[in-house]
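Here's a quick tour to read with the model open beside you.

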Amino acid sequence: MITREQIERRERATLRPYALFSGDSRGRRHEEPVDPYRPAYQRDRDRVIHCTAFRRLEYKTQVFVYHEGDYYRTRLTHSIEVSQIARSVASALGLNEAFVEALSLAHDLGHPPFGHAGGEVLHGRMDGHGGFEHNVQGLRIVDTLERRYPGFPGLNLSFELREAILKHGPTGPDAETEEFSPPRPPALETQLVDIADSTAYNHHDLDDGIRSGLLDFGDLCRHVTLLGAGRELAEREFPGLTGRGLVFRTIDAVVKGSIRDLVESSHARIAAAAPATADDARAAGGLIGFSERMATQQDELQDYLFDNFYRHYRVVRMMDKAKRLLGSLFDAYVARPELLPPEFQRLADEHGVHRTVCDYIAGMTDRFAEMDYRKLFDPSERV
Ligand code: MG
């Protein structure tokens, strides 16, 4: 049997000195006995996996609304892909894999239904009522809204993971975020998950965009350097390959090249800064990142996706419909809080009507929001 103490000692022996060590955690808000086998961040990861908000990611949109097709990414599969990339890089750089896994799986918990369209609606409706920002909401979920333990609200995660979930979200007089003010620069593990996030969606959105027919593979290869180069590699390795096979091998070459660059460039920057501890590494600024050349190429890819995919008229239609739907729900509940389920009416007394409606809607999956809309507005629907 391998105990928690042994795993903590193993971390000290095998990770780099600037990694986050589980044994150095500042601990949890509510006192709990330590686990015999799992160090702090493994326990955090397990709590995230078992929470309600994590399961709901399955039916939350990344780009496509869920009924567009079963094969597109959802926030759940996106989070798992982020975790895969972040863990591979963490392992190569000697950083804390359990921490990056926990953060990858938790990083999108605060997103409302329908992706950024949902965020815009809540941001607008909460203006003057404390605002809405998905990272702040993520912290609110793990600290307050999840109910799993009799002794305290939330998941009681480690200080470091909570700080990383809040990320660059606004800090201020709000009691929930004041503890992280002034914000510390992010740990290397946090920087890594941030880049793994954009790397994951750049590449899986390519795949979803091509599969859906909204993006044209030939046009992509002509206009985006990374894709043109990836296709050349794939054609050289698999002569005669065409169709979906070529698309897969091309995207695979692009992802592998991106990850290799991320590992090598980060390694070189860390070696030059030579941080002795995790705090040194935070203070050194952005050590985890692409080479300048790769960063420019990633920007080019992102710009292409923005113009041709996220602004595609069919995506805009989906998002516009989603905004009207969520806006109508929000207004109806704020105007008549007695339409809310009883447990939320009780919460409204505690947190105020606007915040409670915001929490209720932010917690919905895409399909729950659509169903709730029909219940409120379609006369023939059961309530
Ligand atoms: Mg994400």
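## Ground rules

This is a predicted model, so local features need pLDDT of at least 70 and side-chain atom pairs count only at pLDDT 80 or more, while totals for chains, interfaces and linings use all residues. Residues are numbered from 1 along each chain as its sequence is written, and side-chain values use heavy atoms, with hydrogens and water left out.

## The magnesium site

Four protein donors sit 2.2 to 2.7 Å from the magnesium ion: His78 (NE2), His107 (NE2), Asp108 (OD) and Asp197 (OD). Donors here are N, O and S atoms within 2.8 Å of the metal (3.2 Å for Na, K and Ca); water is not among the atoms, so the site may look incomplete.

Along the sequence, the donor residues run H-x28-H-D-x88-D. His78 belongs to helix 4 (residues 75-93) and His107 to the loop between helix 5 (97-106) and helix 6 (115-125), so the pair ties together parts 29 residues apart in sequence. Helices are DSSP runs (H or I, at least four residues), numbered from the N terminus. Both histidines are buried, meaning under 20% relative accessible area with a 1.4 Å probe, protein chains only.

## The cores

The largest nonpolar core has 82 residues, and Ile288 is among those with the most contacts inside it. Such a core is a set of buried Ala, Val, Leu, Ile, Met, Phe, Trp, Tyr and Cys residues joined through side-chain atoms within 4.5 Å. Helix 12 (residues 243-273) gives the most to this core, 9 residues.

Definitions and conventions
Helices (H or I, at least four residues) and strands (E, at least two) are DSSP runs, numbered from the N terminus. Buried means under 20% relative accessible area, exposed over 50%, partly exposed in between (1.4 Å probe, protein chains only).
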